[in-house]
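I opened this notebook to keep track of what I looked up, entry by entry.

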Amino acid sequence: MSWLIRFSEPIALPSGGELATLKDAGSYITSLPKATQATTAWQTAVHVLIQAADYGGPIEFARLGMQQALFQKGEPVPLGKEGPRLAQPQQARERQMNLSDQELTLNVLREAQLILADSDRTQSRGLEKTIHELRDLLNRNDVIEVVDRLQYCAGLRLAEWPPNYSA
Amino acid sequence: MRDIDILTKAMEDAQLVLREYDQLGPRDRHAVLQRILEILDQEHVAAAQARLLKGYGQLKVVK
């Protein structure tokens, strides 16, 4: 078996581009932030990739593992290269789903890490696009509200108890 | 500090970097992205993220 084996159909990336071979998929995963790689979905994707490349495991499983990691929690899998991954639709989905502050924080953090992983830092235009995407994501009203709310709660928890009246 | 506080702090720090970039005008974009990457990819942030994703610290009904 080999890492040069091609998927039956290339895997479209959320930010454009595609992964044609097991090697492409492996390289893509190693380019992700460590935190993203450590998540269950990506660990599963790594496992099925290695099974396919080194132990003759099913290539289709490797493909499915990658797609599940790329498009988690029921996000639509794009049919073509121009897959939808815009901040606005996700914000609408999250509002509809009524996510908790914690879930929203985790989602936004993961999205930011994916934007960084997908960014083309070899070109000035790519850098500007990445900054623009991060700004759109982190400056969303709901994200700012959640950060403020959670920090306010953290501040309340850190208050001294019992209060020291001697000062 | 709770795990969620660690993540919130990381997100706030990343927001601050972007705000500085906007206020000071276009500068070294690569350095800005590198700073954000360092903030969001810190070991303790990754660890907190992994713990929350696994559901640590959440109350569960146990039979």
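I began with chain B, whose accessible surface comes to about 4,000 Å², with 54% of that belonging to carbon and sulfur atoms; the areas come from the Shrake-Rupley method with a 1.4 Å probe, and for residues only the protein chains shown count as cover.

I noted that this is a predicted model, in which local features need pLDDT of at least 70 and side-chain atom pairs count only at pLDDT 80 or more, while totals for chains, interfaces and linings use all residues. Residues are numbered from 1 along each chain as its sequence is written, chains are lettered from A and ligands numbered from 1 in the order in which they are written, and side-chain values use heavy atoms, leaving out hydrogens and water.

I then looked up the helices (DSSP runs of H or I, at least four residues) and strands (E, at least two), and found 3 helices and 0 strands in chain B. Of the 63 residues in chain B, 43% are buried, that is, under 20% relative accessible area.

Next I turned to the largest nonpolar core, which has 34 residues; such a core is a set of buried Ala, Val, Leu, Ile, Met, Phe, Trp, Tyr and Cys residues joined through side-chain atoms within 4.5 Å. Among the members that touch the most others are A:Val108 and B:Ile36. α1(B) gives the most to this core, with 9 residues.

Terms used:
Buried < 20%, exposed > 50% of the residue type's maximum accessible area, 1.4 Å probe, protein only.
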